[in-house]
Amino acid sequence: MAEIANDLTKKDLDELLKPTLDAEGTKLKDFSVRYLTKPGDNYGSTMLAVDVNLTPGPRTLPLVAKMLPKSAALQEEFQVEKSVRKEIDMYLLVRPALERIQKEYNVPGDKYLDVLPLCYGARISSKGDSGPVDATSVILQENLKAKGFETGDRLTGLNLEHCKLVVDKLARFHATTVSIKLKKPEEFKKTVLRAATDLIMTEDELNGVKPLENIPEYETMNERINTAILKSWELFAKINSEPPREPFATIAHLDLWTNNIMFQYESSSSKVSPKTLRFIDFQITQYDSPVRDLLFFLYTSAHLDVLSEHYDYLTRLYYDSFVDSLRMLDCETSPFSFDEFLKEIEYASSVEFVHIAFMLPFITISSEDAINTADMTHEDIKSPPKYGESYIPRARKFIQDFASRNWI
């Protein structure tokens with residue numbers, strides 16, 4: 001168990017869970033650990049299911065322990081010194097801030113935003129929060145799978161009902177953080193901006209777009225595609241050196257695809273229409289345009305038929321939900337006109353081009369063909385990635401849409 005859990009011990013769990021267990025009058029009796037994800041489902045961390053048995057009992061507390069990826073190359077790629085701190089701040093600082101402002105303005109239950117999992121404890125390292133991130137870093141979250149939450153099928157994409165729920169909740173998540181910026185600027189600096197520190201982009205992103213050369217459109221559109229890649233890369237480089245675009249700028253998830261969204265249903269037999277969801281994996285959040293999340297989600301995770309038939313509807317739904325949330329939180333909405341929103345889409349399409357192209361091979365690869373993250377090397381990261389059967393149709397749709405809308 002120690003090998004699987006990166007030396008996660010009973011003492012570690014006792015310390016991390018102490019506030020929760022003391023409040024309940026319980027103690028940790030023992031625990032078991034197993035891997036939570038399959039190859040291809042997660043790259044930036046090691047995900048473990050931790051079942052904590054409590055006494056007096058019998059009672060089991062199902063948790064997820066999120067720890068560093070075992071691959072040194074992935075630790076470097078995900079810049080764990082920043083990414084681990086960002087995610088801990090999301091759960092311990094931003095989540096409570098979102099709750100406070102919604103309660104202050106009496107947001108009704110059917111519009112109340114509750115999209116982050118509960119965090120039971122977290123640490124940068126066993127040496128304390130001031131030290132460097134190391135292999136003992138851990139975030140303990142509620143195990144959403146134990147509560148019936150599950151991810152969609154990343155290879156086929158999400159149907160319209162799933163996309164509607166994601167788009168609505170995503171807009172309200174973005175708008176609620178904007179409201180903190182507008183109504184409570186000092187709190188915004190101490191919470192949201194702490195979880196939105198910049199990461200340095202690496203040229204490995206450019207290696208990831210190489211599979212685009214295999215789609216039929218590349219033969220006739222290679223100049224447009226390559227120009228878009230260079231423009232997108234230049235914009236990426238400017239993000240860390242220039243102030244973000246206002247007034248829409250907020251905390252952007254920047255990795256919101258199928259496997260980072262978990263859905264809960266009314267019953268296990270009906271999976272067509274989810275009743276609620278949770279967003280997970282906040283390792284690369286930044287302060288930027290929220291529309292980057294919207295476009296990235298749609299082009300990595302929506303079923304291709306949904307993109308073809310409902311793109312305009314979903315983007316309008318996002319805007320309407322965004323403005324509705326601002327109004328509920330007593331914010332002036334005139335700076336957030338629909339015309340300004342369309343300008344955000346133009347900007348986000350240019351920035352996200354490389355990001356979407358880079359991620360599509362990883363999202364479409366089968367579990368059988370994916371490299372075990374523990375074995376990933378710098379050479380694996382720098383090499384053009386493999387991809388699965390669903391890559392070509394999804395990449396073609398992505399290129400066709402961006403071209404037809406004159407985004408490339």
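# Helix packing, burial and backbone angles

User: At roughly what angle do the axes of helix α8 (residues 291-301) and α9 cross?

Analyst: The axes of helix α8 and helix α9 come within 12 Å of each other. Helices (H or I, at least four residues) and strands (E, at least two) are DSSP runs, numbered from the N terminus. Axes are lines fitted to C-alpha atoms, for helices over the stretch in contact, and angles run from 0 to 180 degrees between N-to-C directions. On that scale, the axes of α8 and α9 cross at roughly 155°.

User: Is α8 roughly parallel or roughly antiparallel to α9?

Analyst: Angles under 35 degrees count as roughly parallel, over 145 as roughly antiparallel, 65 to 115 as roughly perpendicular, and the rest as oblique. The crossing is at roughly 155°, so α8 is, relative to α9, roughly antiparallel.

User: What kind of model are these values computed from?

Analyst: Residues are numbered from 1 along each chain as its sequence is written, and side-chain values use heavy atoms, with hydrogens and water left out. Local features need pLDDT of at least 70, side-chain atom pairs count only at pLDDT 80 or more, and totals for chains, interfaces and linings use all residues, for this is a predicted model.

User: How many of the residues of α8 are buried?

Analyst: Buried means under 20% relative accessible area, exposed over 50%, and partly exposed in between (1.4 Å probe, protein chains only). Among the buried residues of α8 are Val-291, Arg-292, Asp-293 and Ser-301. Helix α8 is mostly covered, and its count of buried residues is eleven of eleven.

User: Which residues of α12 make the contact with α9?

Analyst: The axes of helix α9 (residues 304-328) and helix α12 (residues 391-404) come within 10 Å and cross at roughly 20°, which means that α9 is roughly parallel to α12. Helix α9 passes α12 in a left-handed crossing. On the α9 side the contact is made by Leu-304, Leu-307 and Ser-308, and on the α12 side by Pro-393, Arg-394 and Lys-397.

User: Where does α10 bend?

Analyst: The expected span of a helix is 1.5 Å times one less than its number of residues, and a straight helix of 27 residues would span 39 Å, whereas α10 (residues 338-364) spans only 33 Å between its end C-alpha atoms. Of the 27 residues in α10, 21 are buried. The bend at a residue is the angle between axes fitted to the seven residues ending there and the seven starting there. In α10 the bend is about 45°, and its place is Glu-352.

User: Which residues touch Ala-196, leaving aside its neighbours within four places in sequence?

Analyst: Ala-196 sits in the loop between α5 (185-190) and α6 (204-208). Its relative accessible area is 6%, so Ala-196 is buried. With those neighbours left aside, Ala-196 is in contact with Lys-86, Ile-251, Thr-285, Gln-286 and Tyr-287.

User: Is Thr-276 buried or exposed?

Analyst: Thr-276 lies in strand β8 (residues 276-279). Not counting residues up to four places away in sequence, Thr-276 touches Phe-149, Leu-165, Met-262, Phe-263 and Gln-264. The relative accessible area of Thr-276 is 19%, and therefore Thr-276 is buried.

User: What is omega for the peptide bond that joins Glu-246 and Pro-247?

Analyst: Most residues other than glycine have a negative phi, and most peptide bonds are trans. The bond from Thr-55 to Pro-56 is cis, with omega near 0°. Pro-247 is in the loop between α7 (218-239) and β6 (250-252). Glu-246 and Pro-247 are also joined by a cis peptide bond, with an omega of about 10°.

User: What is the phi of Asp-281?

Analyst: Asp-281 lies in the loop between β8 and β9 (286-288), and its relative accessible area of 7% means that Asp-281 is buried. Asp-330, in the loop between α9 and α10, has a positive phi of about 60° although it is not a glycine. Asp-281 is likewise a residue other than glycine with a positive phi, and its value is near 65°.

Note on methods
Left-handed = near helix turned anticlockwise from the far one by under 90°. Contact = heavy atoms within 4.5 Å.
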